[in-house]
Each structure stands twice: as C-alpha cells, then as structure tokens.
Amino acid sequence: MAGEPQADCLFCKIVAGDVPATVVRETETTVAFRDIHPQAPTHVLVIPRVHYPDAAALAVAEPGIAADVLREAGEIAAQEKIDGTGYRVIFNTGAGAGQTVFHAHAHVLGGRGLNWPPG
Ligand code: 5GP
Ligand code: ZN
C-alpha cells in the first residue's frame with residue numbers, strides 16, 4: 001500500500017531503528033539524522049516516516065507530511081545555527097540528479113559557503 005515501509009529501503013530501516021543513525025530531531029511524521037558522508041559542516045537529512053520514492057510523490061500523496069519535511073528543514077537549520085549564515089535544502093530527484101536512496105528526503109546543508117549554481 002502507498003506509504004507502507006519497504007523491506008529493501010535503507011531509510012525505512014532507519015525509521016524502524018533497524019539501521020543506526022545519528023538522529024538530531026524527530027516528530028510524529030519525520031526523522032532527521034546526520035548524513036553518513038557529509039558534504040558540508042552541517043549535513044542533515046530530513047525524511048518522512050512514510051515511504052514515497054521522492055519528494056514530488058510525497059507531496060502528491062501526503063501534502064501535509066511534505067509540508068512537515070519543509071518545516072523541519074527550517075527547524076534543523078535553527079537548531080544547527082546555520083540559519084543566520086544561510087543554508088540550502090535539496091531534494092535530489094532521479095538517478096540523473098544524484099538520487100541514490102529512493103525514499104523521499106531533504107538534504108539540509110550549511111556551515112560553509114555554498115556556490116550557485118550547484119554542480
Ligand atoms: P541522495 O543521493 O539519494 O540524494 O541522498 C542519499 C544520502 O544518504 C547521501 O548523501 C548518502 O551519503 C546518505 N546515506 C547513504 N547511506 C546512509 C546511511 O546508512 N546512513 C546515513 N546517515 N546516511 C546515508
Ligand atoms: Zn523507505
């Protein structure tokens with residue numbers, strides 16, 4: 001069923017606690033944890049507890065939870081104290097754009113200068 005945990009999904013396993021992660025914040029609908037290969041001094045992933053393959057699919061099926069992910073990205077930026085200097089929220093979508101885990105997630109990056117446009 002849509003949104004149900006997927007046995008082969010790494011982030012569903014993190015939500016379930018079956019794969020360890022450095023969790024920095026949790027809500028009823030989201031989990032935020034440090035990226036295992038940080039690309040900036042602060043690099044946190046915010047994921048919905050429910051499984052959808054990407055952010056757009058999440059937004060169509062569960063717009064309220066998509067909004068929760070966005071709000072949590074801002075909460076993480078404040079908690080990590082990168083809101084003052086600026087930060088970036090990224091949803092890689094599709095393998096061609098660098099998506100490697102097909103469970104919707106926001107990257108929250110900050111703590112260094114961020115070039116525009118990104119690579
Ligand atoms: P994507 O490439 O799909 O946009 O982002 C997936 C992210 O998940 C990558 O930045 C990658 O470093 C991170 N990642 C992959 N495996 C793990 C893991 O086991 N634990 C954590 N915390 N992050 C992971
Ligand atoms: Zn999943």
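This note sets out, in numbered points, the main features of the structure shown above.

1. Basis of the note. The structure is a predicted model, in which local features need pLDDT of at least 70 and side-chain atom pairs count only at pLDDT 80 or more, while totals for chains, interfaces and linings use all residues. Residues are numbered from 1 along each chain as its sequence is written, chains are lettered from A and ligands numbered from 1 in the order in which they are written, and side-chain values use heavy atoms, with hydrogens and water left out.

2. The zinc site. Four residues coordinate the zinc ion (ligand 2): Cys9 through SG, Cys12 through SG, His51 through ND1 and His103 through ND1, at 2.1 to 2.3 Å. Donors are N, O and S atoms within 2.8 Å of the metal (3.2 Å for Na, K and Ca), and sites may look incomplete because water is not among the atoms. The angles among the four donor atoms run from 107 to 115 degrees, and the site is tetrahedral. For four donors, that term requires all angles to lie between 85 and 135 degrees.

3. The zinc donors in the chain. Along the sequence, the spacing of the donor residues is C-x2-C-x38-H-x51-H. Cys9 lies in the segment before α1 (10–16) and His51 in the loop between β3 and α2 (55–61), so this pair ties together parts that are 42 residues apart in sequence. Helices (H or I, at least four residues) and strands (E, at least two) are DSSP runs, numbered from the N terminus. Cys9 counts as buried because its relative accessibility is 6%, and His51 also counts as buried, at 12%. Buried means under 20% relative accessible area, exposed over 50%, and partly exposed in between (1.4 Å probe, protein chains only).

4. The nonpolar cores. In soluble globular proteins, nonpolar side chains tend to be buried together. A nonpolar core is a set of buried Ala, Val, Leu, Ile, Met, Phe, Trp, Tyr and Cys residues joined through side-chain atoms within 4.5 Å. The largest such core has 16 residues, of which Ala32, Val46, Leu58, Ile76 and Val108 touch the most other members. Two or more residues of this core come from each of β3 (42–48), α3 (63–79) and β5 (106–110). The greatest contribution is that of α3, with six residues. A second, separate core holds nine residues, among them Cys12, Val31, Leu45 and Ile47.

5. Val108 and its neighbours. What does Val108 touch, not counting residues up to four places away in sequence? Its partners are Thr42, His43, Val44, Val46, Ala73, Ile76, Ile82, Tyr87 and Arg88. Contact here means heavy atoms within 4.5 Å.

6. Helix α3. The 17 residues of α3 should span 24 Å at 1.5 Å a residue, and this agrees with its end C-alpha atoms, which are 24 Å apart. The expected span is 1.5 Å times one less than the number of residues in the helix. The buried residues of α3 are Ile65, Ala66, Asp68, Val69, Glu72, Ala73, Ile76 and Ala77. They pack against β1, β2, β3, α2, β4 and β5. After the helix comes Lys81, whose phi is positive, near 60 degrees.

7. The whole structure has five salt bridges, each defined as a side-chain nitrogen of Lys or Arg within 4 Å of a carboxyl oxygen of Asp or Glu. One of them joins Arg25 to Glu72, with the closest N and O atoms 2.5 Å apart. This pair links distant parts of the chain, with Arg25 in strand β1 (residues 23–26) and Glu72 in helix α3, 47 residues apart. Arg25 is partly exposed at 26% relative accessibility, whereas Glu72 is buried at 2%. Another salt bridge joins Glu80 to Arg34, at 3.0 Å between the closest N and O atoms. Glu80 is in the loop between α3 and β4 (87–90) and Arg34 in strand β2 (residues 30–34), 46 residues apart.

8. Asp68 and Arg71 form a salt bridge whose closest N and O atoms are 3.2 Å apart. Because these residues are three apart in helix α3, about one helical turn separates them. Asp68 is buried at 15% relative accessibility, and Arg71 is partly exposed at 42%. Through shared partners, salt bridges join Arg25, Asp68, Arg71 and Glu72 into one network.

How values were computed. Four donors count as tetrahedral if all angles lie between 85 and 135 degrees; four count as square planar and six as octahedral if opposite donors are over 155 degrees apart and all others between 65 and 115; anything else is irregular.
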